[in-house]
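Visitor: I've got a structure open and I'd like to learn how to read it. Could you walk me through it feature by feature?

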Amino acid sequence: MKPSNFKYQLLFICSIGLFSATFAQNQPTSLKEAFKNDFLVGTALGAEHILEKDAKANQLIKKEFNAITPENHMKSMNIHPEWNKYDFYLGDKFVEYGQKNNMYVVGHTLVWHSQLPRFVGKIKSADSLKLFMTDHINTVAGRYAGKINSWDVVNEAIEDDGTFRKSIFYNLLGEDFIKMAFDLAAKADPKAELYYNDYNNEQPAKRKATIEMIKKLKASGTKIDGVGIQGHWSINSLNTKNIEDAIIEYAALGLKVAFTELDLTVLPNPWDLKGADVNQNFENSPKMNPYPKELPDSVQTTLAQKYEELFKVFLKHQDKIDRITFWGVADNHSWLNGWPVRGRTNYPLLFDRNFEPKKAYNSVMNLKKNNPNL
Ligand code: G3I
């Protein structure tokens, strides 16, 4: 080889090397970095996360996410176990965790028919229920005023067919309980963004009823800032058309849209359950728990494709979406291992049981790596 040829070849190789190194350096290395110009990326925390019991989980949460939601410990059953007794231990730690790590902190949830303290179940009069709601919202939202960025004020008030859920709140107070909850929350924490949060509210009937309910709230002067679409979906029935329509229609009301509890089950759902009504439970069997040891490659790939499909829609409408929160950190800690069938092994999130990124993580990250302007 002539020395001059060798020189050019060397120069070419060095330029490629330099280009790749610079390209690699500019690539995002976490979800929160990849989507920093699009939306927040959050996760739900359990007590073990908040108390930083597991170093790997802790490292992962801090690296990947910039928003947190308490999976269970701010629900009224846990934070307000008796009429005159509150337990703020984990709530305080949770808020501290978020502040210490500069995270967007979500409060979940002020008024929900499920996970109510036992004493609420015994309430028989509208006045007593109002007293409970007033005391609960003033005390909880008041305690964290200025420290919680947004509250899921009312959770799951509408049924899939668009009628109001016949909860204790609706039965004793009618639909006014929703307005009452939002007004109390706005007073207790004027700075927090106030959300209505539900599952299946991307589907047409429930979406229509939700929009009507929100229009009424707004017309009556009530402050409501956003709609949370929980996003408990399945790889077998993901409907991105409904999701896209819902983003557009909720945003048209002047509201922020957040995906608040995202996960994609890979397991069969008895009766093709799509929602998240926690009161339903079914028998376990090998047929219902097909991957007890590991997830086959083919299903891993389908999960990755479904997440990619979903994030393409999210990116297309990033101007309307404030936050995407996953309902859990890694597959080992997901409510879907216990619902709607107890004791199954599910794989619904982006990180596996060793806290390693899955193919689905790469498919979502690649959307930004390959198209930084998307
Ligand atoms: O803490 C107790 C433990 O002491 C006891 O031994 C054990 C026995 O069953 O139960 C433990 O409590 C469980 C709790 O999760 C904490 O793990 C409850 O039984 C169980 O019902 C509860 O499930 C939670 C469910 O909401 C009901 O509150 C799930 O973790 C949580 O992921 C799920 O989250 C909901 C959202 O808040 C609202 N949208 C739907 C979503 C999924 O259902």
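Guide: Happy to. One term to begin with: a residue is called buried when its relative accessible area is under 20%, exposed when over 50%, and partly exposed in between. And keep in mind that this is a predicted model.

Visitor: Good. Is Asp331 buried or exposed, then?

Guide: Asp331 has a relative accessibility of 1%, so it counts as buried. You'll find Asp331 in the loop between β9 (321–326) and α14 (359–370).

Visitor: Which side chain does Asp331 pair with through a polar contact?

Guide: That of Lys358: the two side chains are joined by a polar contact of 2.7 Å. Setting aside residues up to four places away in sequence, Asp331 also touches a list that includes Asn337, Tyr347, Phe351 and Arg353.

Visitor: Let me zoom out. How many helices and strands does the protein chain have?

Guide: There are 14 helices and nine strands. The chain runs to 374 residues, and 54% of them are buried. Its accessible surface is about 17000 Å², with 52% of that belonging to carbon and sulfur atoms.

Visitor: What share of the contacts joins residues at least 24 apart in sequence?

Guide: Counting contacts between residues at least 6 apart in sequence, it's 80%.

Visitor: What does Phe311 touch, leaving out residues up to four places away in sequence?

Guide: Phe35, Phe39, Leu262, Ile324, Phe326, Val364 and Leu367.

Visitor: On to the ligand. How many residues surround it, and which are closest?

Guide: The ligand is surrounded by 15 residues, and the closest are Glu71, Lys75, His108, Gln115 and Glu261. By type, that shell divides into five nonpolar, six polar and four charged residues.

Visitor: What should I look for in the backbone?

Guide: Most residues other than glycine have a negative phi, and most peptide bonds are trans. So the exceptions are a handy thing to look up. A cis peptide bond joins His108 and Thr109, with omega about 0°, and Thr109 lies in strand β3 (residues 104–112). The peptide bond from Trp339 to Pro340 is cis as well, with omega near 0°; Pro340 sits in the loop between β9 and α14.

Visitor: Why does Asn102 count as exposed and Glu156 as buried?

Guide: Because Asn102 has a relative accessibility of 69%, over the 50% cut-off. Glu156 comes in at 4%, so it falls under the 20% one.

Visitor: Last one: how do I spot residues that are apart in sequence but brought together in space?

Guide: Compare the sequence gap with the C-alpha distance. Pro292 and Thr345 are 53 residues apart in sequence, and 5.3 Å apart in space, C-alpha to C-alpha. Pro292 is in the loop between β8 (256–265) and α13 (297–316). Leaving aside neighbours within four places in sequence, Pro292 is in contact with Thr345 and Tyr347. At 46% relative accessibility, Pro292 counts as partly exposed.

Conventions
Residues numbered from 1 in each chain as written. Predicted model: local features only at pLDDT ≥ 70, side-chain atom pairs only at ≥ 80, totals over all residues. Heavy atoms only, no water. Near = heavy atom within 4 Å. Nonpolar A, V, L, I, M, F, W, Y, C, P; charged D, E, K, R; others polar. Helix = DSSP H or I, 4+ residues; strand = E, 2+ residues; numbered from the N terminus. Buried < 20%, exposed > 50% of the residue type's maximum accessible area, 1.4 Å probe, protein only. Polar contact = N/O pair within 3.5 Å; in protein donor to acceptor, adjacent residues only side chain to side chain. Contact = heavy atoms within 4.5 Å. Areas by Shrake-Rupley, 256 points an atom, 1.4 Å probe, with all protein chains shown as cover.
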